[in-house]
Amino acid sequence: EQVGDRSTGTRVVAGQIFHESEESDSHTEDDESFRSPEEEKESMLEELNSLEMSNLLNKNLEDVEIQKPVLTAIGGTADSEPCHFPFLFLEKEYAECTADGREDGRLWCATTYDYKRDQKWGFCETEEQSNKRRQMQEAEDVYQTGMKIFNESSKKAQKKEAYQYLLKAADMNHTKAMEKVSYALLFGDYLKQNIQSAKELFEKLTEEGSPKGQTVSVRVAVSYYAILSSVLLLTAGYRYWGGIGVLQSCESALTHYRLVANHVASDISLTGGTVVQRIRLADEVENPGMASGMLEEDLIQYYQFLAEKGDVQAQVGLGQLHLHGGRGVEQNHQRAFEYFNQAANAGNSHAMAFLGKLYSEGSDIIPQSNETALQYFKKAADMGNPVGQSGLGMAYLYGRGVPVNYELALKYFQKAAEQGWVDGQLQLGSMYYNGIGVKRDYKQALKYFNLASQGGHILAFYNLAQMHATGTGVMRSCHTAVELFKNVCERGRWSERLMTAYNSYKDGDSNAAVVQYLLLAEQGYEVAQSNAAFILDQKEASIVGENETYPQALLHWNRAASQGYTVARIKLGDYHFYGFGTDVDYETAFIHYRLASEQQHSAQAMFNLGYMHEKGLGIKQDIHLAKRFYDMAAEASPDAQVPVFLALCKLGIVYSLQYVRETNIREIVSHLDMDQLLGPEWDLYLMTIIALLLGTVIAYRQRQHQAILRPVGLRPAVPQQEPPPEHQPPQ
């Protein structure tokens, strides 16, 4: 664990570890050391085509100085002369073409500086170009109207209304509107699912050069289930990690996952990312009483009622739900601010701290203000609130509203960490890693990053991945780094599609749900793989051909099982046992059940192994081993005790019949010597026992006969009870 001093070339930003030699959107030197030129070229092509990484590319392009072409005037009084920028018109300078002074809205420019003096001018566009520009401006206005309705509303009916504006803008060839409508048609979001129309729109976008059209390569085969995701780096990373269609390579997977993880980590704010609900449909069916993490609509309304009545805890809870989203509630900073404000006015320190976070970060709803944030953080910290203490630590660490003071930052982070607040633990880890305000200590950094990761902080996973990828403070482990980076990648904004798919399934639209799950499954989401397989297994998706249902379900059960999902591993055994989507293969089924039993201690797998041992399917018949596995299943789960008891009863009967069948009864009776077994007078003993039993039966029957013939007058009198009062039950 002795590592070289990395005091130079490292920095910390919002709890993230960065090396000066790497940027969040570029390869590290470590990456380049193990990539071949072919992999470098492939990675760069994928990055250029990536839907989610396009923003990173734009950052680089902004640094490039783009020279504007020289414009030539068309018509007017100075046809074919170059436009002069800036030019003076009505005592105002113009650095570009303008429509001011014209009723038709056409753009024009002057060819000399002073238009009033020289009257030299011409159009910057033809009439056809002008008409097209005005149409696009109209389409932009319609698009912005739709997006405003969509962003300001949380109700499904209003979001559907917003998509009517987007449809109109898409019909006017507005690129962004076409992108959103194509996705909505593909996934069935707020519009009726129409994969063929989505395909046509994506092809049109591709022809017009839209990066999203190029990225979403929608291939419609004989069945529509073959809609795959594009060349997202996330997909490429998963394929290299699992060896799907390419040679398995941990280092290549690390390269791709790191690129996406850098993008996700840079997008994490003080208030944290959106909560991702990972709900497995198979678990909901197997355990109907198990909480899925979703809040029912009536329960949300109940909490809202409590909040309106002044219940502070309900106000804080609803504020956090709207701040992060999840559990059936959409992210809404406006609602979060309102609930936190109500609770803060009632003196709740947690609400004060979260108001500080909202003001510190700022948004379209809440203006950014370090001074206001600091006031709320101080009030909360003075009341011992760890969120407020962590907020003060951030203020002193980065000088937000106060002078930079590492000593005070460390003090407040330690107070927050002692109370288990993950933000405090994360920042302490970053300070120890980078030696900010303290002596550099990788062991301490690793300790605090591990603590923060147990609380589910995305940046903690990211920093741990960086340490394992570079071998800083720990032995380098590509496998561990990939798993950690994969965890970070799957918490990106695109993971919100999981909840959209789940809601589609709950609304009865299995086709829309399976398309969305299949798209996410290609990106390596185990939940999406298992849910897609479940829908296919139940034959609820009509867009998938009947002959392809089980083979595709088998494929995704296999991928989910490879990522450790127990139910998927058992399903693989079932498919090979019954021949669903494959040939009947008892030996392969036995292997899958054994893996689920040994690695995940599944009671169902143990029971199935007992049955296969009992019947001799895929393994030599062994009743003793069958009983052993049945007993193990009963010990592993209380739910298995009743079926195990019935199976053991059946096993006992079968074993007894088998013993009788294999034994010669006549031979046993002929060799049985009763005189030797019970003595020479065994018959007298037997007759005495029979006589005693006979006398007991006769005496019992006589007593019953006398009781029936007893006179009525000899019966004890029963006291008469008055009827109970009306409407009152008898005592």
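My entries go from the whole chain to single residues.

**Ground rules**

I am working with a predicted model, where local features need pLDDT of at least 70, side-chain atom pairs count only at pLDDT 80 or more, and totals for chains, interfaces and linings use all residues. Residues are numbered from 1 along each chain as its sequence is written, and side-chain values use heavy atoms, with hydrogens and water left out.

**Whole chain**

I started with the secondary structure and got 35 helices and six strands for the protein chain. Helices here are DSSP runs of H or I with at least four residues, strands are runs of E with at least two, and both are numbered from the N terminus.

Next I looked up burial: 44% of the 731 residues count as buried. Buried means under 20% relative accessible area, exposed means over 50%, and partly exposed is in between, with a 1.4 Å probe and protein chains only.

Then contacts, meaning heavy atoms within 4.5 Å. Of the contacts in the protein chain with a separation of 6 or more, 54% are between residues 24 or more positions apart.

**α6 against α7**

How do α6 and α7 pack? I find an angle of about 120 degrees between helix α6 (residues 156-171) and helix α7 (residues 175-187), with the axes 8 Å apart. The axes are lines fitted to C-alpha atoms, for helices over the stretch in contact, and angles run from 0 to 180 degrees between N-to-C directions. The two helices are therefore oblique to each other. On this scale, under 35 degrees is roughly parallel, over 145 roughly antiparallel, 65 to 115 roughly perpendicular, and the rest oblique.

I also noted that α6 and α7 make a left-handed crossing. That is the case where the near helix is turned anticlockwise from the far one by less than a right angle; clockwise would be right-handed.

On the α6 side, the contact is made by Tyr163, Leu166, Leu167, Ala169 and Ala170; α7 brings Ala177, Met178, Lys180, Val181 and Ala184. I sorted the residues of this contact into nine nonpolar, no polar and one charged. Nonpolar covers Ala, Val, Leu, Ile, Met, Phe, Trp, Tyr, Cys and Pro; charged covers Asp, Glu, Lys and Arg; the others, Gly among them, are polar.

Phe202 and Met178 are 24 residues apart in sequence, and their C-alpha atoms are 8.3 Å apart in space. Phe202 is buried, at 2% relative accessible area.

**Salt bridges**

How many salt bridges does a search of the whole structure find? I get 16. The cut-off is a side-chain nitrogen of Lys or Arg within 4 Å of a carboxyl oxygen of Asp or Glu.

I picked out a few. Asp104 meets Arg102 at 2.9 Å, N to O. Asp104 is partly exposed at 34%, and Arg102 is partly exposed at 29%.

Arg335 bridges to Glu338, with the closest N and O atoms 3.8 Å apart. Both lie in helix α15 (residues 333-345), three residues apart, about one turn of the helix.

Lys571 and Asp537 pair at 3.6 Å, N to O. Lys571 is in helix α28 (residues 566-578) and Asp537 in helix α26 (residues 526-537), so this pair ties together parts that are 34 residues apart in sequence. Lys571 is partly exposed at 22%, whereas Asp537 is buried at 13%. I also logged one network, in which salt bridges with shared partners join Arg239, Glu522 and Arg559.

Ile268 lies in the loop between α11 (250-266) and α12 (281-286). Is Ile268 buried or exposed? Ile268 counts as buried, at 14% relative accessibility. Leaving out residues up to four places away in sequence, Ile268 touches Ile458 and Leu459. Ile458 is 190 residues from Ile268 along the chain, with 8.1 Å between their C-alpha atoms.

Most residues other than glycine have a negative phi, and most peptide bonds are trans. I went looking for exceptions.

The peptide bond from Phe85 to Pro86 is cis, with omega near -5 degrees. Pro86 is in the loop between α3 (54-62) and β3 (87-89). Ser80 lies in the loop between α3 and β3 too, and has a positive phi near 70 degrees. Ser80 is exposed at 54%.

His601 has a positive phi as well, about 50 degrees. I placed His601 in the loop between α29 (586-600) and α30 (603-615), and it is exposed at 56%.
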